[in-house]
Amino acid sequence: MYKRILFFTLAFLILQGGMCNKEENIGGTPLEKVDGITIYKEDITINFAPGTQLTKAQEDSFLKTLEKYVILYLAARDEGFTKDPRIMRKAIWAKRIAIINDYIYQKTSGITVQDAEVDRFINERKDLFSKNVSFDILYIFDTTRMAEYIRLFKASSRSPKLLAYQKKNLIRIESHNDYNLGMAAISFGENNPISQILEKLPVGGISEPFNMGGMYVVYKKTGERTQDLNAQELREYVRQYLLTRKKQEIIDNIYKMYLNKYKPEVVAK
């Protein structure tokens with residue numbers, strides 16, 4: 001995980017450091033220098049929590065990674081990429097987004113969700129969170145035989161005729177097992193029609209076909225069981241959802257506050 005973060009973050013930092021054929025010197029403990037671009041010890045440690053102790057082997061490995069990026073950057077520079085307006089525009093936005101990401105992280109890093117908040121959220125929606133359902137979905141691309149497809153689907157989701165139609169790309173059938181309706185509700189919106197359809201359908205029942213972007217979709221509930229509301233996986237899912245929602249509220253509030261200070265102006269064309 002850390003290595004993946006390092007690849008993306010430091011590739012950007014190297015680009016920024018030499019984009020004008022002159023290094024933007026932010027200082028530190030120098031480890032290596034390549035054609036005016038210095039790799040610092042801090043470039044390695046910046047993506048780890050303060051106080052993290054890296055082994056010599058880890059430092060050497062990350063240094064070689066940064067060295068590779070410097071060489072590749074210099075190759076791109078020599079071939080004129082730093083003079084390409086489109087590429088430089090992307091680099092400017094990459095720098096802004098990197099700063100924004102750290103800003104958001106610092107503004108939201110102390111946010112937590114208490115057990116009581118998780119309990120309250122689940123209990124207020126226990127009709128959904130207490131049900132796990134299994135279901136099949138019929139996607140209908142060819143509407144000329146829609147009635148036949150639905151009749152076959154109702155009788156058996158895996159009838160030979162349906163499977164034959166699927167091979168011809170006239171329809172598609174999907175199966176989903178042990179799907180928690182509460183999790184679905186917070187993933188797709190608490191008022192999403194899918195959760196409402198699956199909650200109300202009896203086992204074996206099918207929904208009315210509804211249009212979804214030019215094709216028709218039919219749901220068939222194939223099973224249902226009771227979900228333990230204290231299950232760790234369920235509670236952790238809700239906790240992460242509430243945490244994300246709290247963080248988003250902070251971001252939205254910052255945006256609204258500064259929107260009043262920095263009012264966007266439409267530039268006349």
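This is a predicted model: local features need pLDDT of at least 70, side-chain atom pairs count only at pLDDT 80 or more; totals for chains, interfaces and linings use all residues.

Residues are numbered from 1 along each chain as its sequence is written, and side-chain values use heavy atoms, with hydrogens and water left out.

**Exercise 1.** Find how the rings of Phe-210 and Tyr-219 are arranged.

Solution. Start with the rule: rings of Phe, Tyr and Trp (its six-membered ring) pair if their centres lie within 6.5 Å; planes under 30 degrees apart count as stacked, over 60 as edge-to-face and the rest as tilted. This rule gives seven aromatic pairs. For Phe-210 and Tyr-219, the centres are 6.0 Å apart and the planes stand at 5 degrees, so the pair is stacked. Next, look at the cluster: Phe-210 and Tyr-219 belong to one aromatic cluster with Phe-135 and Tyr-179. Last, check the cover, where buried means under 20% relative accessible area, exposed over 50% and partly exposed in between (1.4 Å probe, protein chains only). Tyr-219 is buried at 4%, while Phe-210 is partly exposed at 22%.

**Exercise 2.** Work out which salt bridge Lys-221 takes part in.

Solution. Recall the general idea first: side chains of opposite charge can pair when their charged atoms come close. Here a salt bridge is a side-chain nitrogen of Lys or Arg within 4 Å of a carboxyl oxygen of Asp or Glu. Lys-221 meets Glu-224 in this way, at 2.8 Å from N to O. Lys-221 counts as buried, at 0% relative accessibility, whereas Glu-224 is partly exposed at 41%. Elsewhere, shared partners join Asp-35, Arg-77 and Asp-78 into one salt-bridge network. Asp-78 is exposed at 58%, but Arg-77 counts as buried at 18%. The whole structure holds 13 salt bridges.

**Exercise 3.** Identify the ring that lies under Arg-125.

Solution. Apply the test: a charge sits over a ring if NZ of Lys or CZ of Arg is within 6 Å of the ring centre and within 35 degrees of the ring normal. Arg-125 lies over the face of Phe-121, 3.7 Å from the ring centre. Another case is Arg-172, with its charged end over the ring of Tyr-139 at 4.2 Å from the centre.
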